[in-house]
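Here's a quick walk through a two-chain model. Have a look at the fold first, then read on.

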Amino acid sequence: MNARRYLLTGLALGLSLLTRLPATTVEAPDIDSLIGQSDYVVRAVVKSATAEWREHAGQRYIGTRVELEIREVIKGAPPSPLVLDLVGGRIGEDELAIQGMPRFQVGDENVLFVHGEKRQMLPLVAMMHGVYPILREARSGEAYVLRSNGLPLYSAQDVSLPMNRLSTVKQQNPYARPLTAAAFIRQIRDRVATAQPTTREK
Amino acid sequence: MKNKTTLPGIAALAGLLAVLSAWGFTYITDQRESGTPLPLKWPPGTVAIQIKLGSTANLSDGNSFNTSAQAAAQMWNTHLGNLQITTSFAPEGPAAEGNNLNELVFASDIFGKAFDGNTVAVTTVWSRSNERTRADIVYNSARTWDSYDGPTRSAIDIQRVTLHELGHLLGLDHPDEAGQSVQAIMNSRISSLDSLASDDISGAQNIYGPQGVPANDNFASAAIITLPAANTTSLSGFNTNASKQTGETNHADNAGGRSVWWRWTAPAAGPVTIDLRGSYFDTTLGVYTGTSINSLAAIASNDDLSASPHIQASSVTFNAAAGTTYFIAVDGFDADCAGLTLNFSFSPTGPLLPVITAQPVSATVTSGGSVSFSVTATGATGYQWTFNGGNISGATGTTHTISSVTAANAGSYRVVVTNAAGSLTSDTATLTVNAPPAPPAPAPSSGGGGGGGAPSLWFLGVLSLLGLARRMLRHR
C-alpha cells in the first residue's frame, strides 16, 4: 500500500515536472556563487501566474507575472509579495518561450535564488539552476529538494554538477538519502552566515 | 534496514523519467495537449534565418561569426528530411519582433530584460497552436566569443553554441535535464564536443525525418514484418517524404497523404494488436487484405487511441486468420509526419476477440425525439458505449437509447466490445440533431398593410369588377 502511494506520488510529480522546459546554454554556478549572486533566497509557493501582452521599444511580446507567497526567507529582505517578472508565456494559441525559462504553476513550492534587479530576463540566478522544486513525501510529509530535471539533490554542492552526473554523495554511498528541504536551507543559511558577517561582527 | 531505504516515491519518479525518455533526446512539446503532447515543430519546408553576427573573418579557425553560424546550420541540414534551414547575412544589429524574420544576433538584453551573467545564449520561440512560427537566437554580447574546434577555451565557440541553439529552434530539449546520460551537443553544458552526436541527429530526425523517401512508401514495397518467438516486436520508421498513391483509400477516414506500408502473414489464427505509441506525430492506422492498392478490404482502422486524455497515437485489434496476409498502412492525420514506432503483438494461443457482425448506424432525429444505437457481436462479454470519445455512464448494453434528444447529443457514438482476449471498438455512428420545425407563420390579414409585392388575384378580381361596373354605368 505504501509502495503504491509512493509510486503515485512519484508519478504525479513526474507528470508535473514534465511540463517544465529546461533548456538553453547556461553555465551552472556553484552553491557559493549561486548564493552570492542572489539578492534573496526564499522558500515560496506560487500564488498566481498571469501572462500578458507587453510592448518594449515598439516590439510586442508576451510576459508572465508570477506572484509568490514566501514561506521562509533564507537570505536577504525580499518584498512582500515577491513577484517574478518573466519574458515568455502563453495567451490563447500564442506562446513565446525562452528555452530554459522555468515554468511556474500555481501551488508549486520551490527554493528560489532570486535577483532583486527587475530588469533581468529571468529574475532567477542562472535560470534553471536558480529553482529547486520541493517534493513532499506522502507518508511522512517530509519535504525533499529536487534539481530542475526532477531528480533528487543529495548535497548542496551538487548544484553545479552537470544534470546527468551522479552525485558524489550517491557515488560514495548508494543508500544515501536525498537532501531534505530543511537540510538544504540549513546549508544555505550556514554559507550565508560565513560569507556575510553579521552587523554585530562588523 | 530502515536507514538504507531510499525514497520509493523519488525512485519511482526517477524510473518514470527514465522510461519516458528511453532515448537520450528530448523535445519541447505542445503544452496545450492534455494526454501525450507531441513535439512543437516547424511545418515542412524551409526555415529562413538571417545571421547578423559579423562578417569579419578574424576568428581562430578563419571564420567570421556569420560563416561559423552558417556552417552550424548546414551541419543540421545534412541530417534533416522535410525541413531545411536557409541562411542569409545582414549587417550586425538587434533582432526585431514583427518582421517575421528568424534572426541570430548579439545583444545584452531581450525585450529590455538583461541577460543573467551565467547565460551564454538563448533561443526565443514563438508558436501558434501546435506549430513553431518564429525564433531568434540571441548571444550574450557581454561574453567573449570565438570559433574553434576541440576543447573549450576561455572564449566561447560560437559554432557549437549555434549548433545547440539551432537544436532548440528545431524543437530539441536537453537530454541531461531529462535524466539521460548521453553524449550530445544538446546537453545543457558546453563541452569539448563540437559537432552533432548520433543522439542529436536521431532526435531531429524523429521530428523532421531523414533525407529521402522511405523504402516502404508504396503498397507494393510494403516492409515485411517477421515476428520473433515472443510474437511481439517494435519497429521504427518514418513517413516524412512519403506520399499517398493514386487509388489509395483514406485511413481512419482521414485524407492523410504520407502513408507507409508493412505486411505480415499470419502463421496461425489469433488476435493481433498494433499500436503506434512512441510515434512523434498525429498518426492514423489501417489494416487491409487484398492484392492491389485499388481494391483493398478494410479489416480495422483507428485515428486516436484516446480522445480524453488526448492520445494521438493509433491502435487497432483484430482477429487474424491463418495464412492470410495483412497490409498495414501508417499515415499522418492531415498528412502529419515524423518518426514512428509500430508495436505489433500476436497471440496465436489466446482466445479470439469478439466479432462485430452488425455495426451501429448513423441517425438523424429531430430535437425532442428518441434514437437508439445498436451493435451485434459474437463472443462478447461486455459493452461500453462512448460519446465523442468519452465513456457514457451506464451505457453498457448492446443498445444505447437516448429518449429525448437535444442538440447537445449530436456527435459521434461508438461501442467498445470486450471479452477475455481484449476489446474491439465499433465503427463510428454519427447522430445529427435537427431543430424542431418552426411554428407556421401567421396568415396575412385581409385589410391593408403589406404592399410592395405583386398584386393578389383577389385584388385584381376586385379591380376587374369595379371596372366592369363603371363601364356598365357609362353605357346607361
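## Ground rules

Helices (H or I, at least four residues) and strands (E, at least two) are DSSP runs, numbered from the N terminus. This is a predicted model, so local features need pLDDT of at least 70 and side-chain atom pairs count only at pLDDT 80 or more, while totals for chains, interfaces and linings use all residues. Residues are numbered from 1 along each chain as its sequence is written, and chains are lettered from A and ligands numbered from 1 in the order in which they are written.

## The two chains

Chain B has five helices and 30 strands; chain A has four helices and nine strands. Going along the sequence of chain A, you get α-β-α-β-β-β-β-β-β-β-β-α-α.

How much of each chain is buried? A residue is buried if 20 or more other C-beta atoms lie within 10 Å of its own, exposed if 12 or fewer, and partly exposed in between, with C-beta atoms placed from the backbone. That covers 45% of the 202 residues in chain A and 41% of the 476 residues in chain B. As for contacts (C-beta atoms, placed from the backbone, within 7 Å), take those between residues at least 6 apart in sequence: in chain A, 65% of them join residues at least 24 apart. In chain B, residues 24 or more positions apart account for 70% of the contacts with a separation of 6 or more.

## Helix H2 of chain B

H2(B) runs over residues 65–77, and its 13 residues should span 18 Å at 1.5 Å a residue; the end C-alpha atoms are 19 Å apart, which agrees. (The expected span is 1.5 Å times one less than the number of residues.)

Its buried residues include Phe65(B), Ala69(B), Ala72(B), Ala73(B) and Trp76(B). Among the elements of chain B covering them are strands E2 (45–52), E3 (83–89) and E4 (102–107), along with helices H3 (158–170) and H4 (198–208).

## Cores

A nonpolar core here is a set of buried Ala, Val, Leu, Ile, Met, Phe, Trp, Tyr and Cys residues joined through C-beta atoms within 7 Å. The largest has 97 residues, and those with the most contacts inside it include Val42(A), Phe184(A), Ala69(B) and Leu166(B). H3(B) gives the largest share of this core, six residues. Domain 1 (22–208) and domain 2 (219–346) of chain B both contribute, so the core lies between them.

Leaving out residues up to four places away in sequence, Leu166(B) touches Ala72(B), Ala73(B), Trp76(B) and Ile85(B). A second, separate core of 30 residues includes Val272(B), Val287(B), Leu305(B) and Tyr326(B).

## A sheet and a domain boundary

Chain B also has an open antiparallel sheet of four strands, ordered E13-E20-E15-E18. Strands E13 (232–238) and E18 (315–320) of chain B sit at the edges with a single partner strand each, so one side of each has no neighbour in the sheet. Two strands pair if DSSP finds at least two bridges between them; E15 (residues 270–275) and E18 of chain B pair over six bridges in the antiparallel sense. Val272(B) stands opposite Phe318(B) in E18(B).

The domain assignment, automatic or from a database, gives chain B domain 1 (22–208), domain 2 (219–346) and domain 3 (355–434). The C-alpha centres of domains 2 and 3 of chain B lie 25 Å apart, and seven residues of domain 2 are in contact with eight of domain 3. On the side of domain 2 that touches domain 3, E15 and E18 of chain B each supply at least two residues.

Note on methods. Contact = placed C-beta atoms within 7 Å.
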